[in-house]
Amino acid sequence: MKNNHTAENSEKSTIYIDGQDIPVVYTSDVIVAGGGSAGFAACLAAARNGVRTIIIEREFALGGILTSGLMSKIAIEPYMEGIPTEVMMRLGDQNMALPPKSFPGIHPVTKMTEIPVDPESAKKLLEDMVLETGEHALILYGTVVTGVIKDGDTIRGVIIENKNGRQIIKGTVFIDATGDGDLSVQAGASCKIGNEEDGLCSAPTLMFRIGNVDLDRLVQHFEKNPEDLPNQNVEDLRTALSGEPPKYAHIGRFQKTIKSAIEKENLSDWEKQVLTVRNGILMMNQPNPNQLLVNTTRIMVINAIEAKVISDAMIEGRKQCWFVYRFIKNHIMGFEKSYLMDTASILGIRETRRIVGDHIHTIEDFKSRRKYADAIVRNTDSVEYHNPKGEGTRMERYEEGEYEEISYSSILVKGLKNLMVIGRCFSADQLALSCNRSIGFCFSMGQAAGTAAALAVRDAAAIRDISISELQKKVYAQK
């Protein structure tokens, strides 16, 4: 792809750092570190607003937890206008979202609008959307940001590493969408991590998918064992799975079957824990027929910001996935001829570092449904804190018609003039983050950040001096 992100006009073609001349390989208006849902939307919004944008991603696909992480069921609402809605509708055009081309009503179990999507189709779509901006956007896969070049409180460039070794990209506005706040910390920003009691973060999960499931026989299992489907009607499940078109199906938790197996079989303590720590086994349907997504594993007592910890967690998560799958295949009707399709290639990390911004969004803001003059995103998601030490998930939901807002000041990194932070590392306390880290919300936050960055570049203004009213008109129709 042709691009205009060249280093030819740089004052220097190399910069001397730590005894090494490091080449300046690109200059750009906006640099986005991290290509998950937030980073993707930030890159797309900036490029669509006509500024040169580079997105740096360590994996080899955009989408993060949505794609590489297989969290292919999106909590998203019709008010999430712009990029979030466009992604869902374009996937629907391919029949790779359920239901296609429309938003369903709120699901009674979650009190959210839930839309299953196909992760492989999403990889291609997100990439296509960025490439459609032509020379305004450049994707760098297999690349990580390892340091920054600063002039006081202003970032001038990032140091990257990939197959070409150490290189430098210069830029004007920088957006940290790494999930762990890596760029912000490298730039000297303050951060918080974990809860106040012991510093532990919400427990992560490794997702997996099962193929060739006989959904009719699965419904028959629930007809024979209704206790395995608490708080749901079996006929409603049948309609969701087999309707024209199908809709999101919240399937499980198989607690009767699990209890019976624990009582009758010689299961180890580890096996018992895996089956019970998430209050059973939770599945969801997918756009392709006879496929189910399983969201059940829990890796406990870790903070996933160290390479060895993440490696061990992936190994443990994959072990749990295979055990859960074999249990399902052996105990539940409809899985007799099934197979484990895939386990996620990245860990489903719910939280690590939370970067300190100009404003810290708090659980008190959530409870009071706080509104802001500089609001950029509306949110109706729930508190969802996964116990890092054992069983249970803390949930606090909105009532219909209630919502909170996220302020622009909570994505501005405190103490740095040209750095924003978005996604699950934005400026919030632990519980407030837990209800503002869903994929749909991250799309919206990224859209706001990318648009703000483009306004700053267009007007040669600091990111704190852009027109908030213009930003809101572009990304937040509620205002």
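Glycine 171 has its place in strand E9 (residues 165-176), where helices (H or I, at least four residues) and strands (E, at least two) are DSSP runs numbered from the N terminus. The model is a predicted one, in which local features need pLDDT of at least 70 and side-chain atom pairs count only at pLDDT 80 or more, whereas totals for chains, interfaces and linings use all residues. Residues are numbered from 1 along each chain as its sequence is written, and side-chain values use heavy atoms, with hydrogens and water left out.

- Glycine 171 counts as buried at 18% relative accessibility, where buried means under 20% relative accessible area, exposed means over 50%, and partly exposed lies in between (1.4 Å probe, protein chains only).
- Apart from its neighbours within four places in sequence, glycine 171 is in contact (heavy atoms within 4.5 Å) with Ser28, Asp29, Ile31, Ile155, Arg156 and Gly157.
- The C-alpha atoms of glycine 171 and arginine 354 are separated by 24 Å, and these two residues are 183 residues apart along the chain.

**The five-stranded sheet**

- Five strands form an open sheet in the order E12-E13-E14-E11-E15, with antiparallel pairing; two strands pair if DSSP finds at least two bridges between them.
- E12 and E15 stand at the edges of this sheet with a single partner strand each, so one side of each is left without a neighbour in the sheet.
- Strand E11 (residues 208-211) pairs in the antiparallel sense with strand E14 (residues 292-294) over three bridges, and arginine 209 stands opposite leucine 293 in E14.
- E11 also pairs in the antiparallel sense with strand E15 (residues 339-343), here over four bridges, and isoleucine 210 stands opposite leucine 340 in E15.
- In a regular strand the side chains alternate between the two faces of the sheet.
- Both faces of E11 are covered, with Phe208 and Ile210 buried on one side and Arg209 and Gly211 buried on the other.

- In helix H2 (residues 83-93) the buried residues are Ile83, Pro84, Thr85, Val87, Met88, Leu91 and Gly92.
- These buried residues of H2 pack against helix H1 (37-48), strand E4 (73-75), strand E5 (114-116), helix H3 (119-131) and H12.
- In helix H13 (residues 468-475) the buried residues are Leu471, Gln472 and Val475.
- Seen down the axis of H13, its buried residues fall within an arc of 100°, so they line one face of the helix; the arc is that of the directions from the helix axis to the C-beta atoms.
- The buried residues of H13 pack against strand E17 (375-379) and helix H12 (439-459).

**Backbone geometry in the loops**

- Asparagine 95, in the loop between H2 and E5, has a positive phi of about 60° although it is not a glycine, and with a relative accessible area of 48% it is partly exposed.
- Proline 99 lies in the loop between H2 and E5, and a cis peptide bond with omega of about -10° joins leucine 98 to proline 99.
- Proline 245 lies in the loop between H6 and strand E12 (250-251), and the peptide bond from glutamate 244 to proline 245 is cis, with omega near 5°.
- Asparagine 290, found in the loop between strand E13 (283-285) and E14, has a positive phi of about 65° although it is not a glycine, and at 35% relative accessibility asparagine 290 counts as partly exposed.

**The second largest pocket**

- About 390 Å³ of space lies in the second largest pocket, a pocket being an open set of points on a 1 Å grid over the protein atoms alone, where a 1.4 Å probe fits, with protein on both sides within 12 Å along at least five of seven lines.
- Of the 18 residues that line this pocket, the closest to its centre are His107, Pro108, Asp236, Ala240 and Tyr248, a lining residue being one with an atom within 4 Å of a point.
- Helix H6 (residues 234-242) supplies the largest share of the lining of the second largest pocket, namely four residues.
- The lining of the second largest pocket divides into eight nonpolar, seven polar and three charged residues, where Ala, Val, Leu, Ile, Met, Phe, Trp, Tyr, Cys and Pro count as nonpolar, Asp, Glu, Lys and Arg as charged, and the others, Gly among them, as polar.

Terms used
Points joined across faces, edges and corners; volume = space filled by probe spheres on them.
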